Amino acid sequence: MFNLVEPIGVIPYSADEPNEAMFALGFTNYWDVYFAGRAAPLGSCVPAAVVHALFYNFAPGEVARHIPKVWSTTTPEAAIAARQEGCVNALRRILGDGVDSPDFERAGELLTTAAISAPLEGRPMYAALRALPVPQEPVARLFHAASLLREHRGDGHICALMAEGIGGLEAHVLLALDVGIPAPAFGRIHHLPSALLTDLIDKMKARGLIKDEATFTPAGRQAKDRVEALTDDLAHVPYEALEPGELDELIAALEPLAQKLIAAQDVT
């Protein structure tokens, strides 16, 4: 299900339309857009330290460069609406006329049933998004459901990382090695000050997680695998709301959508 839902949930970061809709509110850089869009369900009064804790994987000070500054440009309500509008436009462009079919609407109904069924406890980002009304327009509803499931999985992923004692920046290093990229070249951390990145890698070497900036130790490889396995285990609960036949129906409906969305990412 992750492979089918993630291409929908990642649309705010993989298509141009969501950024364009947010820029129309007055933003001028990507990271203001990111933090305003994702943190909007938390409201404008949540301080940077709380957003930093909930997002988990940013370096010290990175969140504070954007929160609460973004709320001098727009409101959370406007950010939520603009982000949704941009994502709907992107999905309509990529998926074409299929979004107006009964099968698409049914997929949105089933995915929403799953997305709003999970317990809120221990899922702060998921709970914040669950507090928003479910859109009635079919494309917006599908995107909202995928976003809920993405945040639900993300909350569980943080639990899995914490269970292994792996911090947010360390998680980026492990992901970089997992996809075959040396940590200093990985997109989410390559911009860090060299002293911070060197210290991060040295500490992970001392913990026995990595041999060098490009190589796992056996223990590090096992820790990464345990994190991913626990993340998967913690992510299956929403789908228990669906009958086996409904889950099969949902998978069949989402497969062609995911293929088109992934192909569009490859083009861009």
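Entry 1, helix α10. I found α10 mostly covered, with 9 of its 11 residues buried (buried means under 20% relative accessible area, exposed over 50%, partly exposed in between, with a 1.4 Å probe and protein chains only). Helices here are DSSP runs of H or I with at least four residues, strands are E runs of at least two, and both are numbered from the N terminus. The model is predicted, so local features need pLDDT of at least 70 and side-chain atom pairs pLDDT 80 or more, while totals for chains, interfaces and linings use all residues. Residues are numbered from 1 along each chain as its sequence is written, and side-chain values use heavy atoms, without hydrogens and water.

I listed the buried residues of α10, among them Glu170 and His172. Their cover includes α9, α11, β1 (210-212), β2 (215-216) and α12 (218-235) (contact means heavy atoms within 4.5 Å). Just after α10, I noted a positive phi of about 85° at Gly180.

Ile181 lies in the loop between α10 (168-178) and α11 (194-206). I read its relative accessible area as 31%, which means partly exposed.

I looked up α9 (residues 138-163): its 26 residues reach 38 Å from first to last C-alpha, close to the 38 Å expected (1.5 Å times one less than the number of residues). Of these 26 residues, 19 are buried. At the N-terminal end, Glu137 caps α9, a side-chain oxygen lying 3.0 Å from the backbone nitrogen of Val139. After α9 comes Gly165, with a positive phi near 70°.

I counted 15 salt bridges (a side-chain nitrogen of Lys or Arg within 4 Å of a carboxyl oxygen of Asp or Glu). Lys69 and Asp32 form one of them, at 3.3 Å from N to O. This pair links distant parts of the chain, 37 residues apart: Lys69 is in the loop between α5 (48-55) and α6 (76-95), Asp32 in helix α4 (residues 30-39). Lys69 is partly exposed at 42% relative accessibility, whereas Asp32 is buried at 6%.

I then examined Arg106 and Glu249, whose side chains meet at 3.0 Å, N to O. Arg106 lies in helix α7 (residues 102-115) and Glu249 in helix α13 (residues 244-267), so the pair ties together parts 143 residues apart in sequence.

Finally, Glu164 forms a salt bridge with Arg226, the closest N and O atoms being 2.7 Å apart. Glu164 is in the loop between α9 and α10 and Arg226 in helix α12, 62 residues apart.

Note on methods. A polar contact is a pair of N or O atoms within 3.5 Å; within protein, one must be able to donate a hydrogen and the other to accept it, and residues adjacent in sequence count only if both atoms are side-chain atoms.
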